[in-house]
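Dear colleague,

I am passing the structure on to you below, and after it come my notes on what turned up when I went through it. Please read them with the model open beside you.

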Amino acid sequence: MKIVPFFTSRRERRLWIALAIVLAAIYATLGQAPAIVAALGEGMLNSVGNNLVFVIIALLVVIPVFFIDKRLSHAEVAVGFGILTVYLLAWLRMGSWEARTHLFEYALVAALVHEALLERRDNGRRVPAPALLALVISLLLGWLDEGIQSLLPNRVFDLIDVAFNSIAATMIIGMRCTVAWVRAWAEQRRIGA
């Protein structure tokens, strides 16, 4: 009897490991988040320059994880910049640094789950509705985050944070589906031309 490996490719394995590292970092810092914000100062965290540095660092993390193996069309790049602009505007409009971290953290979690599920499906495994499944997994991980916080002495379970986690996951998966639709549309145009 042939043993089927759990991971379908090295890339899928790398994506699940990246997700585990991100979740470990999120969960490990739950108890320290208020102290970190207090130590750095809300004013410093909200300065435009510091937000720009954070966004650049975030892009340097996200781009290699998701796009190193892909060649993007001009339409995909244009849509990607539009999506990035919307995301950055949402980031800047959020009132506190902690709310902003939810937007980044759970967007990254959802994107990693979605990409890993797509990789799994593309390698022949059955993955029903990868976008919906990624959303459900991401929402459950966000609830787990808040559940862990309810056990910590200086933190509480907060439905607003659950909402931020859910919005971040929904936004990124919706945006990724939009980019995939643009990719398919551009491919059809290339074939038809």
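In what follows, contact means heavy atoms within 4.5 Å. Leaving aside neighbours within four places in sequence, Ile26 is in contact with Glu105, Tyr106, Val109 and Asp145.

Before going further, please note that this is a predicted model, in which local features need pLDDT of at least 70 and side-chain atom pairs count only at pLDDT 80 or more, while totals for chains, interfaces and linings use all residues. Residues are numbered from 1 along each chain as its sequence is written, and side-chain values use heavy atoms, with hydrogens and water left out.

The protein has 8 helices and 0 strands, where helices (H or I, at least four residues) and strands (E, at least two) are DSSP runs numbered from the N terminus. Of its 193 residues, 34% count as buried; buried means under 20% relative accessible area, exposed over 50%, and partly exposed in between, with a 1.4 Å probe and protein chains only. The protein exposes about 11400 Å², of which carbon and sulfur atoms supply 71%, the areas coming from the Shrake-Rupley method with a 1.4 Å probe, and for residues only the protein chains shown count as cover. Among contacts between residues at least 6 apart in sequence, 76% join residues at least 24 apart.

To return to Ile26, this residue lies in helix H1 (residues 10-28) and is buried, with a relative accessible area of 5%. The C-alpha atoms of Ile26 and Thr101 are separated by 9.7 Å, although the two are 75 residues apart along the chain.

Gln149, in helix H7, is also buried, at 1% relative accessibility. The side chains of Gln149 and Asp145 are joined by a polar contact of 2.6 Å, that is, a pair of N or O atoms within 3.5 Å, of which, within protein, one must be able to donate a hydrogen and the other to accept it, residues adjacent in sequence counting only if both atoms are side-chain atoms. Not counting residues up to four places away in sequence, Gln149 touches Leu30, Arg155, Val156 and Asp161.

Asp161 belongs to helix H8, where the buried residues include Asp161, Val162, Asn165 and Ala168. Helix H8 covers residues 159-192, and its 34 residues should span 50 Å at 1.5 Å a residue, which agrees with the 49 Å between its end C-alpha atoms; the expected span is 1.5 Å times one less than the number of residues. At the start of H8, a side-chain oxygen of Asp158 comes within 3.0 Å of the backbone nitrogen of Ile160.

How many aromatic pairs does a search of the whole structure find? There are 2, with rings of Phe, Tyr and Trp (its six-membered ring) pairing if their centres lie within 6.5 Å, and planes under 30 degrees apart counting as stacked, over 60 as edge-to-face and the rest as tilted. Phe6 and Phe7 form an edge-to-face pair, 5.0 Å centre to centre with 80° between the planes; Phe6 is exposed at 55% relative accessible area, whereas Phe7 is partly exposed at 29%. The rings of Trp143 and Phe157 have centres 5.5 Å apart and planes at 35°, so this pair is tilted. Because Trp143 lies in helix H7 (residues 130-151) and Phe157 in the loop between H7 and H8, the pair ties together parts that are 14 residues apart in sequence.

With regards
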